[in-house]
Amino acid sequence: MPDFLNELNEAQQKAVLSTEGPNMILAGAGSGKTRVLTYRIAHLLDKGVDSFNILSLTFTNKAAKEMRERIEKIIGLEARSLWMGTFHSIFAKILRKEHDKLGFPYNFTIYDTIDAKNLLKSIIKEQGLDDKVYKPGIVYSRISAAKNNLISANKYNNDDSILTEDKRMGKPEIGKLYLIYGLRCLKSGAMDFDDLLFKTYELFLKFPEILKKYQKLYK
């Protein structure tokens with residue numbers, strides 16, 4: 001057993017050493033989650049797993065940076081070859097590699113919230129809608145919620161329950177705005193922050209062979 005594992009308690013060691021098949025590890029605040037994940041990756045590398053075959057997703061850039069630095073101290077420079085980062089940053093890399101499948105340029109722009117709301121503001125004005133009813137922030141939040149629930153613009157506009165809810169809210173044109181917004185982003189070669197997750201989902205759904213490629217790569 002590698003010396004670094006001696007720094008872990010029994011439960012943490014079990015989580016690190018259980019590398020065959022899928023595992024779900026439940027842990028509370030302050031229980032050493034980052035340490036366990038760090039040492040689990042270090043253990044895989046120590047066992048001879050190629051660093052290019054390890055994918056590590058985190059919620060914050062700070063956590064990813066901390067994990068990489070810890071692994072590098074244990075394993076060495078090989079840690080720099082790991083695919084490690086936030087969901088958004090890693091999925092952005094995948095989308096840039098597979099950009100042509102979804103009709104986007106390799107160097108697509110990533111809109112932040114302000115960019116997205118400004119685009120929606122322009123579209124709302126172009127459509128002659130009352131911006132006091134269709135406030136860009138509200139429309140953006142509605143579109144964002146749809147994407148986070150894996151609902152495309154087409155699906156949105158064909159879902160009676162969603163359209164009925166928009167009418168009840170006095171905003172029956174949100175579906176149309178969602179559709180125009182998506183087309184305008186595509187034409188401009190841009191994705192918003194939610195698209196980095198949603199477009200990856202669409203990519204894998206439309207091209208299962210690409211999903212299999214990444215599943216094989218990060219098995």
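The entries below follow the order in which I looked things up.

**Entry 1, ground rules.** I am working with a predicted model, in which local features need pLDDT of at least 70 and side-chain atom pairs count only at pLDDT 80 or more, while totals for chains, interfaces and linings use all residues. Residues are numbered from 1 along each chain as its sequence is written, and side-chain values use heavy atoms, with hydrogens and water left out.

I took a nonpolar core to be a set of buried Ala, Val, Leu, Ile, Met, Phe, Trp, Tyr and Cys residues joined through side-chain atoms within 4.5 Å. For burial I used relative accessible area with a 1.4 Å probe and protein chains only: buried is under 20%, exposed is over 50%, and partly exposed is in between. The largest core found this way has 23 residues, and Val139, Tyr156, Tyr178 and Tyr181 have the most contacts inside it. At least two residues of this core come from each of helix H5 (113–126), helix H6 (136–148), helix H7 (153–157) and helix H9 (174–188), and H9 gives the most, with six residues. Helices here are DSSP runs of H or I with at least four residues, strands are runs of E with at least two, and both are numbered from the N terminus. Another core, of 15 residues, lies apart from the largest one and includes Ile90, Phe91, Phe108 and Leu203. I noted as background that nonpolar side chains tend to be buried together in soluble globular proteins.

I listed contacts, meaning heavy atoms within 4.5 Å, and left out residues up to four places away in sequence. For Tyr156 the list holds Arg142, Ala146, Ile151, Ile162, Leu163, Asp166, Ile174, Gly175 and Tyr178. Ala116, in helix H5, counts as buried because its relative accessibility is 0%, and Ala116 touches Tyr111, Tyr140 and Tyr181. The C-alpha atoms of Ala116 and Met191 are separated by 9.0 Å, although these residues are 75 residues apart along the chain.

Is Lys147 buried or exposed? Lys147, which sits in helix H6, has a relative accessible area of 5% and is therefore buried. Beyond its neighbours within four places in sequence, Lys147 is in contact with Tyr178, Tyr181, Asp192, Asp194, Asp195 and Phe198.

Grid points are joined across faces, edges and corners, and the volume is the space filled by probe spheres set on the points. By this account the largest pocket has a volume of about 1400 Å³. Its lining has 41 residues, of which Asn23, Leu37, Arg40, Leu55 and Ser56 lie nearest the centre. H2 gives the most to this lining, with seven residues. The lining divides into 25 nonpolar, eleven polar and five charged residues, where Ala, Val, Leu, Ile, Met, Phe, Trp, Tyr, Cys and Pro count as nonpolar, Asp, Glu, Lys and Arg as charged, and the others, Gly among them, as polar.

H7, H9 and helix H10 (195–206) each give two or more residues to the lining, and H9 gives the most, with seven residues. Gly182 is found in helix H9 and counts as partly exposed, because its relative accessibility is 33%.

Strand E1 has a covered face with Ser56 and Thr58, and an uncovered face with Leu55 and Leu57. E1 and strand E2 (residues 83–86) run parallel and are joined by four bridges; strands pair if DSSP finds at least two bridges between them. Leu57 has Gly85 as its bridge partner in E2. Lastly, I checked Leu150, which lies in the loop between H6 and H7 and has a positive phi, near 60 degrees. Most residues other than glycine have a negative phi.

Terms used. 1 Å grid on protein atoms, 1.4 Å probe; cavity = no way out; pocket = protein on both sides within 12 Å on 5 of 7 lines; lining within 4 Å.
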